[in-house]
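User: I am new to this structure and would like to understand how its descriptions are reached, step by step.

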Amino acid sequence: MMALYQGINSTNSLIGIFDAFIHLIITHGFRYVLQKTTWKTLSFLKLAVRVVPATFILAVLAKFIVAAFMWWPLGLFDKQPFYFNTLIVAILQSQIILIVWSLIYFSFHYFRNYKSAEIEKWKLEAVLKDAELTALKTQVNPHFLFNCLNNIRALVLEDTEKARDAITKLSDLLRYSIQYNQKQKVTLREEIAIVKQYLALEGIHMDSRLNYTFHIDNDALESEIPPMIVQLLAENAIKHCLSKIPEGGFIKIDVSKTIEALMIQVTNTGQISATPSDSTGLGLRNARERLNLLFGDQASLRIENLDRDNVIAAIHIPLS
Amino acid sequence: MKLNVLVIDDSRLARQELKHLLQDIDLVNVSGEASNAGEAIEFINKAKPDLLFLDIQMPGKDGFELLEDLEETPEVIFTTAYNEYAIKAFEYNALDYLQKPLEKERLLTAIEKVYEKQSHKDSSSKSTELLREDSQVFVKDGDNCWFVKLADISLLEIEGSYTRIYFEQNSPMIPKTLNYLETRLDPKAFFRANRQQMINLRCIDKIEPWFSGNIKILLQNGKEVKVSRRQTSKFKEMMSF
């Protein structure tokens, strides 16, 4: 009696171990298949609609393999009858196990995705902040600012009226550049006025080395542009070209307006290198982004060497 | 004694401003001004000023390039509007670096420092055609800059068409050939040990015999220099009297 009981007991543990083993293989296989699907991204309801039948199929598969194992090599059905009801219960038990497994699997992935999505969001925010900061920093070139103040100090002794005038011009320029990121658009009239102040101040520093002319269509004066964009081109022309040439040179600013487009061209003495410095590259990229945001992808900003002595920067804004 | 000063800045008003500040300082006498590197170099070679006020950002050659072109650099005080050059290492023979607009007190301190240094210099040998031992050269290696006193250089070595100089823990290169430097350095102080190297005689630690009658010189910085056969006899001759 004891021996028979132990025999049944050891057969049962053998079935239990085999059952666990089959489940292990099936969950591994399931996981392998899941990795190739997009189920992880589905909502809970859609996921449930898929997981319940899938686990049922897998449970049936598992129990049929176990039943097959009991039939051969154990040969248990020779000794005792096969109950269909027992099979159904076993399948449901198996399915519950698989559903619990799925719950754990999907909630783990859900939290992991949530975390990495959060990190992505932070990264993006950091990049944006960074871009904003660089934009802020490039508003007024500090080299220009301090040279300007130093020149005004000397002018105070030499020509009081001119010194007073320069302080006003610098104030205008600073006010404009501090306020500019509060506005999306300014009129060309406002922008050109500031560029004139800026060039006048650079003219004090560079003396006869800087010459500049403006040709602005009267029709264009009320057109709207992103602020500091012509200013940026004028500043780049001085920083990267004119300030490096001992004899100096000229800047020519032309604005024309047709029915189709507004064209702003800044032509200056000098040559640009194929690879702009980081800060310039950023300034230009920022300017292009602002143009595209306001006027769509058709708006453009191009800078290139016009010929061997001159550089041209052209802004094209379609008006239709 | 007054320091003779050259003011170098591309902006006329900036020069004006500096001259105005300097006019009240008794230690200096503004002997000239220049608006670019070319003018400055010409003036320096001719008038040999004691001190340069040098703007770094200038059209054409900038302030550093100007200094690199000089055979012997006077004392230098840099004046600049904004330090975007990240001048990191002026550790050696630290010099002054003033930001515009200049503050009078800071300017005076800087000048006093130069004056102090200058008054310790031996002015007796000023007439010689060769570079003196207390002459300084400007060396820039990447982001690092030094004003190196010739007396502090222990070894000069050929490095392609340039020369590597050794002083303290540093060994930057200067864009001049060793052969040229040999013609400019005082033979009483510097000795051409072989085709590749020149040594500072004051920096010798030990002299050891090497094979076939040649000698090997150990420098104070631990470097070993083998003296060529021809130069060995010259060295012995020099040392015998």
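**Strands, sheet and helices**

Analyst: In this predicted model, A:V255 stands opposite A:I264, a residue of β5(A).

User: What makes β4 and β5 of chain A a pair of strands?

Analyst: Two strands count as paired if at least two bridges are found between them. Strand β4 (residues 249-257) of chain A and strand β5 (residues 261-269) of chain A are joined by seven bridges, and they run antiparallel, so the pair meets that requirement.

User: Why are β2 and β6 of chain A called edge strands?

Analyst: The open sheet is formed by five strands in the order β2-β4-β5-β7-β6 (chain A), with mixed pairing. Strands β2 (210-216) and β6 (300-305) of chain A each pair on one side only, and they are its edge strands.

User: Which strands of the sheet does helix α8 of chain A touch?

Analyst: Helix α8 (residues 229-240) of chain A packs on the sheet and touches β2, β4, β5, β6 and β7 (310-318) of chain A, while its direction makes about 155 degrees with that of β4(A).

User: Why is α1(B) described as roughly perpendicular to α4(B)?

Analyst: Helix α1 (residues 12-22) of chain B packs against helix α4 (residues 104-120) of chain B at an angle of about 70 degrees, and their axes are 11 Å apart. Angles of 65 to 115 degrees count as roughly perpendicular, which means that α1(B) is roughly perpendicular to α4(B).

User: Which residues meet where α1(B) and α4(B) come into contact?

Analyst: From α1(B), B:L18, B:L21 and B:L22 meet B:K104, B:L107 and B:I111 in α4(B). The residues of this contact divide into five nonpolar, one charged and no polar.

Technical notes. Residues numbered from 1 in each chain as written. Chains lettered and ligands numbered in written order. Predicted model: local features only at pLDDT ≥ 70, side-chain atom pairs only at ≥ 80, totals over all residues. Heavy atoms only, no water. Axes fitted to C-alpha atoms, helices over the stretch in contact; angles between N-to-C directions. Helix = DSSP H or I, 4+ residues; strand = E, 2+ residues; numbered from the N terminus. Parallel < 35°, antiparallel > 145°, perpendicular 65-115°, else oblique. Contact = heavy atoms within 4.5 Å. Nonpolar A, V, L, I, M, F, W, Y, C, P; charged D, E, K, R; others polar.
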